[in-house]
Amino acid sequence: MKKELKVSAINNGTVIDHIPATNLYKVITILNLDKISNAMTYGSNLESKKLGSKAIIKISDKFFEDEEINKIALVAPQAKLNIIKNYQVVEKKVVEVPDKIIGIAKCVNPKCITNFEEVTTKFTVINKETVDLKCHYCEKITDQNHLVIK
Amino acid sequence: MKNRSLVSISDYSKQEILRILELAEEFEKQPHIDLLKGKVIASLFFEPSTRTRLSFESAVQKLGGGIVGFSDSSSSSTTKGESLNDTIKTVSNYADLIVMRHPIEGSARFASEISGVPVVNAGDGANQHPTQTLLDLYSIKKTQGKLEDLNIFLVGDLKYGRTVHSLLEAMSMFNPTFNFISHEKLQMPKEYKLFLDKKGIKYYEHEQFTDIISRADIMYMTRVQRERFSDPIEYEKTKNTYVLRNEMLKNTKENLKILHPLPRVNEIHQSVDNNPKAYYFEQALNGVYTRQAIISAILGLK
């Protein structure tokens with residue numbers, strides 16, 4: 001039997017697969033997909049052996065720089081990218097947690113200056129596996145359980 | 001160090017720390033010189049402070065510099081809703097260097113990024129207080145004649161006390177042995193113990209004062225704050241467990257000195273004050289020399 005696609009194929013563009021279903025909208029926010037005019041389809045709460053429940057996004061005519069796409073590693077560390085040209089997968093990529101996180105995450109410390117003034121948050125990733133972020137300003141650690149995307 | 005802000009003790013290398021201590025020694029010999037003539041230092045204290053503010057201002061005046069600023073935020077435009085961003089940008093037009101204490105953590109790093117002149121952090125909430133650490137190091141070096149291979153006892157609130165954390169980090173450059181004495185709820189946080197493990201530095205934890213203090217070269221006392229305990233009875237019990245009394249110092253080493261960042265509440269009994277091993281008031285005086293050293297190094301005058 002032919003496998004039916006839950007989200008229809010695209011001609012050219014990027015497919016982001018294996019996003020935890022609960023973090024789909026965070027991925028959309030981080031990549032600013034809510035502000036672009038490219039044709040885009042997504043599916044959520046799809047069955048996944050790895051994640052239990054996953055989401056997928058397909059964006060036409062959009063190709064990401066590594067630096068940009070790695071930002072989603074915070075909320076979708078297992079995400080896989082397929083680069084599509086002429087309905088063919090021409091490249092596969094995995095995301096990698098970057099060394100520095102700028103302007104995406106919120107500092108967990110309620111007494112941190114970034115929660116009081118207009119300051120772009122900056123973090124150093126001190127543990128890439130557990131995604132522990134050290135605030136450049138207050139020097140406190142924000143762990144994955146307390147991670148809030150701005 | 002020239003033109004560089006001092007926000008966190010880790011901003012300085014070991015060599016830079018030693019250079020500050022050397023300069024502080026020079027200023028102790030000759031505290032009054034007109035090094036800062038024609039310079040203006042802004043002293044912005046958004047939160048009250050006795051020792052830190054007065055010793056900074058005394059340091060500037062002994063060097064012949066001028067001071068502008070405020071000693072609590074109610075006498076600044078902060079009360080009109082001015083942001084820290086705007087205050088710092090304005091003040092950096094008026095001064096050659098800004099000394100700032102602010103209750104919000106990370107405010108000093110932020111200020112150093114937007115200010116046109118160097119910023120010296122005089123305490124940003126519970127985060128960093130590097131000039132205190134430098135004066136602590138100066139006090140240790142002065143009383144022990146060295147910084148290397150000392151047995152340092154940290155006593156009291158080791159969980160929340162920012163001074164003990166910065167001191168631990170800085171002393172770790174000098175091959176110390178640490179002994180921690182604290183209530184189990186106020187123990188040294190795991191991240192600092194991991195830091196010591198990584199560096200291969202030995203440390204021992206105790207829940208009360210024992211004969212072990214006979215090994216101490218430095219005993220660094222801190223205040224246990226009532227607000228750290230949800231149960232007031234527990235606080236009352238704890239507060240009295242960690243009181244250092246004169247008779248406890250009988251079998252301690254000749255060279256032992258007792259340090260405290262002050263203010264103290266009751267953790268050092270007044271009977272200790274006259275013991276030659278008590279050093280906390282001299283330590284506060286060392287703050288002036290150390291801050292003279294920091295300011296003149298940053299302004300490139302030394």
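Visitor: How many residues of chain B are in contact with chain A, and what makes two residues a contact?

Guide: Eleven residues of chain B are in contact with 13 residues of chain A. Two residues count as in contact if their C-beta atoms, placed from the backbone, lie within 7 Å. Please keep in mind that this is a predicted model, where local features need pLDDT of at least 70, side-chain atom pairs count only at pLDDT 80 or more, and totals for chains, interfaces and linings use all residues. Residues are numbered from 1 along each chain as its sequence is written, while chains are lettered from A and ligands numbered from 1 in the order in which they are written.

Visitor: Which elements supply the side of chain B that touches chain A?

Guide: Both α3 (84-91) and α4 (107-114) of chain B supply at least two residues each to the side that touches chain A. α4(B) gives the most, with three residues. Such elements are DSSP runs numbered from the N terminus: helices are H or I with at least four residues, and strands are E with at least two.

Visitor: What makes a residue on that side nonpolar, polar or charged?

Guide: Ala, Val, Leu, Ile, Met, Phe, Trp, Tyr, Cys and Pro count as nonpolar, Asp, Glu, Lys and Arg as charged, and the others, Gly among them, as polar. Sorted that way, the side of chain B that touches chain A has three nonpolar, six polar and two charged residues.

Visitor: How confident is the predictor in chain B?

Guide: The mean pLDDT of chain B is 94, and 100% of its residues reach 70 or more. pLDDT is the predictor's confidence in each residue, from 0 to 100. The model scores ipTM 0.87 and pTM 0.87.

Visitor: Why is chain B called as compact as a globular protein of its length?

Guide: Its radius of gyration, taken over C-alpha atoms, is set against the globule rule, 2.2 Å times the number of residues to the power 0.38. For 302 residues the rule gives 19 Å, and the radius of gyration of chain B is 19 Å, so chain B is as compact as a globular protein of that length. Chain B has nine helices and nine strands, and its C-alpha trace spans about 55 × 45 × 40 Å along the principal axes.

Visitor: Why is A:Asn70 called partly exposed?

Guide: A residue is buried if 20 or more other C-beta atoms lie within 10 Å of its own, exposed if 12 or fewer, and partly exposed in between. A:Asn70 has 19 C-beta neighbours inside 10 Å, so it counts as partly exposed. A:Asn70 sits in the loop between α2 (66-69) and β4 (80-85) of chain A. A:Asn70 and A:Val95 are 25 residues apart in sequence, yet 5.2 Å apart in space, C-alpha to C-alpha. Leaving aside residues up to four places away in sequence, A:Asn70 touches A:Val95, A:Glu96 and A:Pro98.

Visitor: What share of each chain is buried?

Guide: In chain B, 47% of the 302 residues count as buried. In chain A, buried residues make up 30% of the 150 residues.

Visitor: What makes a set of residues a nonpolar core, and which members touch the most others in the largest one?

Guide: A nonpolar core is a set of buried Ala, Val, Leu, Ile, Met, Phe, Trp, Tyr and Cys residues joined through C-beta atoms within 7 Å. The largest core here has 115 residues, and A:Ile72, B:Ile98 and B:Tyr220 touch the most other members. Helix α9 (residues 280-298) of chain B gives the largest share of this core, seven residues. Not counting residues up to four places away in sequence, B:Ile98 touches several residues, including B:Ala42, B:Leu44 and B:Val91.
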